[in-house]
Amino acid sequence: MASRPLVMVERPVPEPGPGEVLVRVEACGACRTDLHLAEGDLPPHAPLTTPGHQVVGRVVLPDGGDGERVGVAWLRSTCGHCRYCRRGMENLCPRSTYTGWDANGGFADHLTAPHDYVYPLPEGVPAERLAPLLCAGIIGYRALRRCDLPEGGRLGIYGFGASAHLTAQAAIAMGATVHVVTRAARHRELALELGAASAGDLPPEPLDAAILFAPVGDLVPPALEALDRGGTLAVAGIHLSDIPSLNYDRHLFQERTLRSVTANTRADGRAYLELAREHPPRVSSVAYAFEDADRALADIESDQVKGAAVILVG
């Protein structure tokens, strides 16, 4: 990010295609996936694509007026016909596309999105509070499902950025005891404020499940070792540095499980947004002006954001 890879350009307002809506953007969350795309950790799917996939906005009506308030998230489309889509695993669809990766995203004043892949959003809630729910919240919820946390179980969270601080609150609302592992004092402070039982260098007790949010493969062995018998570690990120070699007895024996998390289904999105409606999370966010989108990503890279970064557009 030191090279400032994002460039501000002017483009015509996009025209929605069949089955699409035009959305006027209010705000867009910035996340680590945007950072990976900007820095080249994830190869671009299309040249000069506008990033951003945590979009809060309003559908533009044919007369130019404002329609319903909607959210546009990471998953943009799936084929609907492959074996993965047919069995409810559309997040694994080989022909899936993604907002801000395959098509222009929300670091803009307008974008288009397939109508069947947008989420209705409530009125009266600031866009800055809603935007992080659309990726950080939804992906965190998917990771929470993937780690097989038992009812009333002990959950470890490694790293405490935008997604982790929302996932911790979701787990606590579901009755879990949450232990956060993070080095930054401000992240430890926030974790305890949000109801975590501990925040430090190591969990104080064996864990029934854990989620790794930090994109650091070196954390996988100690996170597995901290699991109790039968525990599961879910790796939530789309990118992870190399994992060191594992010792079978220390890290995997006694039926400990290592899982990845790949995108999300629309069912995940609907379920998480309903949970957030019933148990409104405290969203810790830092707002950035539209022209400061590159600074938002730079702050994410240097771990300067307490919670989620949100770019205010309209």
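A residue counts as buried when its relative accessible area is under 20%, as exposed when that area is over 50%, and as partly exposed in between. The exercises below apply this to a predicted model.

**Exercise 1. Describe the overall dimensions of the protein, and state what share of its residues is buried.**

Solution. Begin with the burial count: of the 314 residues, 53% are buried. Next, consider the extent of the C-alpha trace, which spans about 60 × 45 × 40 Å along its principal axes. For a chain of 314 residues, a compact globule would have a radius of gyration near 20 Å, and the 19 Å of the protein agrees with this. The accessible surface comes to about 14,400 Å², of which 51% belongs to carbon and sulfur atoms.

**Exercise 2. Determine which residues of helix H6 are buried, and how they are arranged around its axis.**

Solution. Helix H6 covers residues 185-193, and within it His187, Leu190 and Ala191 are buried. Viewed down the axis of H6, these buried residues fall within an arc of 100°, and therefore they line one face of the helix. As background, an α-helix has 3.6 residues a turn, so residues three or four places apart point the same way. The cover over the buried residues of H6 includes helix H5 (162-173), strand E9 (177-181) and strand E10 (198-200). After H6 comes Gly195, with a positive phi near 110°.

**Exercise 3. Work out how many residues of helix H4 are buried, and name elements that cover them.**

Solution. Helix H4, residues 136-146, is mostly covered, since nine of its eleven residues are buried. The buried residues include Arg142 and Tyr141 as well as the glycines Gly137 and Gly140. Among the elements that cover them are strand E7 (118-120), strand E8 (154-158), helix H5 and helix H9 (266-278). H5 can then be followed through one of its own residues, Ala168. With a relative accessible area of 2%, Ala168 is buried, and, leaving aside residues up to four places away in sequence, Ala168 touches Ile157, Phe160 and Val178. By contrast, the C-alpha atoms of Ala168 and Asp268, which are 100 residues apart along the chain, are separated by 16 Å.

**Exercise 4. Identify the residues of the nonpolar surface patch, and place Ile243 in the chain.**

Solution. The patch is formed by Ile243, Leu246 and Leu258, which together have about 210 Å² of accessible area. Ile243 sits in the loop between strand E12 (227-235) and helix H8 (248-252). Because its relative accessibility is 38%, Ile243 counts as partly exposed.

Key
Residues are numbered from 1 along each chain as its sequence is written. This is a predicted model: local features need pLDDT of at least 70, side-chain atom pairs count only at pLDDT 80 or more; totals for chains, interfaces and linings use all residues. Side-chain values use heavy atoms; hydrogens and water are left out. Patches are made of residues with over 30% relative accessible area and no salt bridge: like charges are joined within 9 Å, nonpolar side chains (Val, Leu, Ile, Met, Phe, Trp, Tyr) within 5 Å. Accessible areas come from the Shrake-Rupley method with a 1.4 Å probe; for residues, only the protein chains shown count as cover. A salt bridge is a side-chain nitrogen of Lys or Arg within 4 Å of a carboxyl oxygen of Asp or Glu. Helices (H or I, at least four residues) and strands (E, at least two) are DSSP runs, numbered from the N terminus. Buried means under 20% relative accessible area, exposed over 50%, partly exposed in between (1.4 Å probe, protein chains only). The radius of gyration is taken over C-alpha atoms; the globule rule is 2.2 Å times the number of residues to the power 0.38. The arc is that of the directions from the helix axis to the C-beta atoms. Contact means heavy atoms within 4.5 Å.
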